[in-house]
Amino acid sequence: MFSTRATRIRAVAVAAVAAGLLTGGITAGTSSASTTAEQTGTAVTDTAVNAAAAQPLSLSKFYGKFQKRDGCPYLVTSRGTHYYLPGYTVGGNGGLYKKGGGFIAYPGWRIQANGTKQYKPGGTTLCTTWGDDLRIKARSIYAR
């Protein structure tokens, strides 16, 4: 019973802090949720709150298909824009992999990249077909 109540209090505190982060300030609900949590003896230290505070607010979701050209990984949007995916590699089977291992997708699979869009002209890589000027610095990529 106690763990359920503590979980509810923690969920309210997390929601209030997240709302405060999104609006750019601390809401009144945050202080009351924190006070309630302190009165019951539970600490409001959640890794989700810490992770949300550490991530930049410009983090976006990009959807498209994984394609490879010249051995380089790309996210190709529905409009045909090609975004290079630095930090990810193309394996021997043509699949998309995290650096250091971890299969993500085969060419043609729909993927979602969570990160920030960048434009860096003048790069010198082996990616000659589509280039690497437009890129997505992805924190994570998922097959959809």
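This is a predicted model: local features need pLDDT of at least 70, side-chain atom pairs count only at pLDDT 80 or more; totals for chains, interfaces and linings use all residues.
The chain contains three helices and eight strands. Along the sequence these elements follow the pattern α-α-α-β-β-β-β-β-β-β-β. Of the 144 residues in the chain, 29% are buried. Among contacts between residues at least 6 apart in sequence, 56% join residues at least 24 apart.

The largest nonpolar core has 14 residues. Those with the most contacts inside this core are Leu 75, Leu 85, Leu 96, Ile 111, Ile 136 and Ile 141. At least two residues of the core are supplied by each of β1 (60–69), β6 (103–105), β7 (110–119) and β8 (134–143). Strand β8 provides the largest share, three residues. Another core, of five residues, lies apart from this one and includes Cys 72, Tyr 74, Val 76 and Cys 127. In soluble globular proteins, nonpolar side chains tend to be buried together.

An open sheet is formed by three strands in the order β4-β5-β6, with antiparallel pairing. Strands β4 (88–90) and β6 stand at the edges of the sheet, and each has a single partner strand, so one side of each is left without a neighbour in the sheet. From one strand to the next, the twist averages 40 degrees. Strand β4 is joined to β5 (residues 96–98) by three bridges, and the two strands run antiparallel. Tyr 88 has Lys 98, in β5, as its bridge partner.

A search of the whole structure finds seven aromatic pairs. One of them is formed by Tyr 74 and Trp 130, whose rings are edge-to-face, with 5.0 Å centre to centre and 85 degrees between the planes. This pair links distant parts of the chain, since Tyr 74 is in strand β2 (residues 72–76) and Trp 130 is in the loop between β7 and β8, 56 residues apart. The two partners were also examined for accessibility. Tyr 74 counts as buried because its relative accessibility is 0%, whereas Trp 130 is partly exposed, with a relative accessible area of 27%.

Tyr 97 and Phe 103 form an aromatic pair that is also edge-to-face, with 5.5 Å centre to centre and 70 degrees between the planes. Tyr 97 and Phe 103 belong to one aromatic cluster together with Tyr 106 and Trp 109.

Gln 112 is located in strand β7. With a relative accessible area of 14%, Gln 112 is buried, because this value falls under the 20% limit. The side chain of Gln 112 makes a polar contact with the side chain of Asn 114, at 2.8 Å. Leaving aside residues up to four places away in sequence, Gln 112 touches Lys 61, Phe 62, Tyr 63, Ser 140, Ile 141, Tyr 142 and Arg 144. Of these contacts, Ile 141 is also among the residues with the most contacts inside the largest nonpolar core.

Conventions
Residues are numbered from 1 along each chain as its sequence is written. Side-chain values use heavy atoms; hydrogens and water are left out. A nonpolar core is a set of buried Ala, Val, Leu, Ile, Met, Phe, Trp, Tyr and Cys residues joined through side-chain atoms within 4.5 Å. Buried means under 20% relative accessible area, exposed over 50%, partly exposed in between (1.4 Å probe, protein chains only). Helices (H or I, at least four residues) and strands (E, at least two) are DSSP runs, numbered from the N terminus. Two strands pair if DSSP finds at least two bridges between them. Axes are lines fitted to C-alpha atoms, for helices over the stretch in contact, and angles run from 0 to 180 degrees between N-to-C directions. A polar contact is a pair of N or O atoms within 3.5 Å; within protein, one must be able to donate a hydrogen and the other to accept it, and residues adjacent in sequence count only if both atoms are side-chain atoms. Contact means heavy atoms within 4.5 Å. Rings of Phe, Tyr and Trp (its six-membered ring) pair if their centres lie within 6.5 Å; planes under 30 degrees apart count as stacked, over 60 as edge-to-face and the rest as tilted.
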